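I opened this model to look up a few places in the fold. These are my notes, in the order I made them.

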Amino acid sequence: MATIVFQKDKRSGITYAYESVSYWDKEKKQSRAKRTLIGRVDPGTGEIIPTDGRGRKTQEAPAAAKRGPVPSTRTARKFYGATYLLDAIGEKLGIAEDLKQCFPGMAQQILSIVYYLILEDKNPLYRFEKWSHLHKHPYGDNISSQRSSEIFASVTEEAKSQFFRLQGKRRVDKEYWAYDITSISSYSEGLRQVQYGRNKEDDSLPQLNLALVFGETSHLPFYYRKLAGNIPDAKTLTNLLSELATLGFSKVKLVMDRGFYSEANINALFKAHLKFLISAKMSLSFIRKELDSIYDRFRSYEHYNEKYELYCHTVPTQWNYTEHRPYKGDTITEPKRMYIHYYYNIDKAAEDEKAFDRKLIGFLQELESGRRVPEHEPLYKKYFEVKTTPRRGARVTVNEEVVAKVKRYYGYFALVTNETMDANTALELYRNKDVVEKAFGNLKERLNMRRTLVSSEQSLDGKLFVEFVALIYLSYIKKQMQDTGLFKTYTLQSALDKLDVIECFEAPGQQLRVGELLEKQKEIYTSLGIDPPSSL
């Protein structure tokens, strides 16, 4: 079977198209491919311009076709409603235009794979041929498993960065960007970044980590990066800041969980003059010190938030900023303004206290019975005093002062920021961070990325990029369904299925005709911010 392969000349920057024909080499006993040059790819339109085989245009090369509806050259009846939705979303978000600019000659194939991944929940790519035969999609033809692998391997770092840059410029300028990391397990032993690390789903397999940046207002992903599976979250932030600056986004706002908190990271954020909102552990001395100053008056009615059923309080403070300057051989320190937002959940405090008391009772029984557990020895020493006498044997008493100190901070959590805002606004921003968690769920469940299922670095990079593009579409659809209440009637899959049955009819020399639309189907399009399709 012949397939079209695209290759970019690094010297001239021109992308050429080749016809690749696979055949079996009897002598070497392996599959081989013969490539024939068929043309060069127009960077503006993505069309293949025929050449004479030496990279020059032929005199007979037809002029580029004008934009607009193109009459069909074949007779076909295909499903169109769901792919039309994705066409419209891609145009609205600029995805199709940006892909065309970054991947000339390959954009339509990438989009068709993206559509398949979204509409055929969890189905492997080798079933693409059947789906392609039944649906109208950008590429309009089958993409074999071998060709999809070639497409993944053709995704370059330069093209990805350009896509991030173009898409980032389309985002809301002043929104916070949520940053988080998930783990993706792998059976492959040939991928360099697959390492054993702290697996966030308690999977025993080695893994690689995937970092995502998400807009909190747009609810759309902007950037991703894969990392070695054994790198802690806190170690990734400085590289993220450098890469965002390289892409031209030096003035951003980041919201992160406490896994990213470290003194070095806070200093790096201040140095880059970025706004941030990050969760901090209650065990930190400066967090406890500031809370202790307001502890006795914290739980009063004026600090109660009815919406979240929490007590909230904000304390302005100073951060002791430190920066080492190797080029001058010195270290500068200066105070920086910062705010700590404290929150107290009375129900969580009660649950934590009960759980802690149950543990203490278990430790006490172990000591009194003489059946001590070696792993618990540090805890025996911390929470109990054991005195042994010849007459009474072991006498165990609880260290009430230590226990009270532990329970003192139950139910509290803290957010730190360098931007002026009240505690309620900070909490809303932080809770919106779960958009990233939901995105990870989409990648792993709906887009079938719980396992990498590839064996080469190039294929992995390309597949992750295509999955990322699919995630932009899914994220848009989900946000629209939430905002318009569409989830009360449909699941994401049932909404797509409702549209997927709409047909279109193509005939030579005629414009596309769209089949009948029900009112409920029109309502879905409208709720998703898209005009229903009509015949051209």
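The entries below go from the whole chain to single residues.

**Ground rules.** I am working on a predicted model, in which local features need pLDDT of at least 70 and side-chain atom pairs count only at pLDDT 80 or more, while totals for chains, interfaces and linings use all residues. Residues are numbered from 1 along each chain as its sequence is written, and side-chain values use heavy atoms, with hydrogens and water left out.

**Confidence.** I looked at pLDDT, the predictor's confidence in each residue on a scale from 0 to 100. The protein averages 82, and 80% of the residues score at least 70. I marked residues 53-69, where pLDDT stays under 50 and the model has 21 contacts beyond four places in sequence; contact means heavy atoms within 4.5 Å. I also marked residues 190-197, with pLDDT below 50 and 34 contacts in the model beyond near neighbours in sequence.

**Whole chain.** I find 17 helices and 18 strands. Helices (H or I, at least four residues) and strands (E, at least two) are DSSP runs, numbered from the N terminus. Of the 536 residues, 47% count as buried. Buried means under 20% relative accessible area, exposed over 50%, and partly exposed in between, with a 1.4 Å probe and protein chains only. Among contacts with a separation of 6 or more, 62% are between residues 24 or more positions apart.

**Core.** Which residues touch the most other members of the largest nonpolar core? They are Leu99, Phe163, Tyr473 and Ile477, in a core of 140 residues. Helix α15 (residues 457-484) gives the most to this core, with 14 residues. A nonpolar core here is a set of buried Ala, Val, Leu, Ile, Met, Phe, Trp, Tyr and Cys residues joined through side-chain atoms within 4.5 Å. I then listed what Leu99 contacts, leaving aside neighbours within four places in sequence: Pro104, Ala107, Ile110, Leu111, Phe163, Phe465 and Val469.

**β9, α8 and β10.** I followed the chain here strand by strand. β9 and β10 pair in the parallel sense over four bridges; strands count as paired if DSSP finds at least two bridges between them. The chain crosses from β9 through α8 to β10, and this β-α-β crossover is right-handed. Right-handed means that, with the strands pointing away from the viewer, the path from the first strand over the helix to the second runs clockwise. Valine 255 has leucine 277 in β10 as its bridge partner.

In α8 (residues 263-271) I count Asn265, Ile266, Asn267, Ala268, Leu269 and Phe270 as buried. Their cover includes α7 (237-246), β9 (253-256), β10 (275-280), β12 (310-325) and β13 (330-344).

Beyond residues up to four places away in sequence, serine 279 touches Met256, Asp257, Arg258, Tyr261, Ala414, Leu415 and Tyr430.

**Two hairpins.** β11 (residues 304-305) pairs antiparallel with β12 over two bridges, and asparagine 305 stands opposite leucine 310. Four residues lie between β11 and β12 in this hairpin, and glutamate 309 in the turn has a positive phi of about 55°. β12 and β13 run antiparallel and are joined by 15 bridges; tyrosine 321 has glutamate 334 as bridge partner in β13. Their hairpin has four residues between the strands, with glycine 329 at a positive phi near 70°.

**Three-stranded sheet.** I read the order β5-β17-β18 in an open, antiparallel sheet. β5 (76-79) and β18 (513-514) each have a single partner strand, so one side of each is left without a neighbour in the sheet. β5 and β17 (residues 503-506) are joined by four bridges, and phenylalanine 79 stands opposite glutamate 503.

**Leucine 486.** I ended in the loop between α15 and α16 (492-500), where leucine 486 lies. Leucine 486 is buried, with a relative accessible area of 9%. Not counting residues up to four places away in sequence, leucine 486 touches Met481, Ile524, Ser527 and Leu528. Leucine 528 is 42 residues from leucine 486 along the chain, with 8.8 Å between their C-alpha atoms.
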